[in-house]
Amino acid sequence: MSDSYYNPNTKGWPAAAATCLLALGLLFFAYSVHENTYRNPRDPMFKQVYADQPAAH
């Protein structure tokens with residue numbers, strides 16, 4: 001038998017770290033998309049731009 005024994009608690013840390021990094025990356029992506037595309041409904045430019053859109057067709 002070998003001198004080192006199997007400890008399942010030491011396995012899987014790279015996968016856990018990759019999952020956490022992926023989650024943080026997706027969170028940053030969602031936040032940046034939200035910041036670049038969200039328009040407040042009370043924004044006057046929101047109503048001004050989109051009010052005339054169907055008439056342009």
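In what order do the elements of the protein chain run from the N terminus on? They run α-α-α. The count is 3 helices and 0 strands. Both are DSSP runs, numbered from the N terminus: helices are H or I with at least four residues, strands are E with at least two.

Some ground rules. This is a predicted model, where local features need pLDDT of at least 70, side-chain atom pairs count only at pLDDT 80 or more, and totals for chains, interfaces and linings use all residues. Residues are numbered from 1 along each chain as its sequence is written, and side-chain values use heavy atoms, with hydrogens and water left out.

Confidence next. pLDDT is the predictor's confidence in each residue, from 0 to 100. The protein chain averages 80, and 74% of the residues score at least 70. Helix H1 has the highest mean, at 95. Helix H3, residues 53-56, has the lowest, at 56.

Now H1 itself. H1 has 25 residues and reaches 36 Å from its first C-alpha to its last. That is close to the expected 36 Å, taken as 1.5 Å times one less than the number of residues.

How many of the 25 residues in H1 are buried? The count is 0. Buried means under 20% relative accessible area, exposed over 50%, partly exposed in between, with a 1.4 Å probe and protein chains only. Across the 57 residues of the protein chain, buried residues make up 0%.

Last, one residue. Leu21 sits in helix H1, residues 13-37. Leu21 is exposed, because its relative accessible area is 61%.
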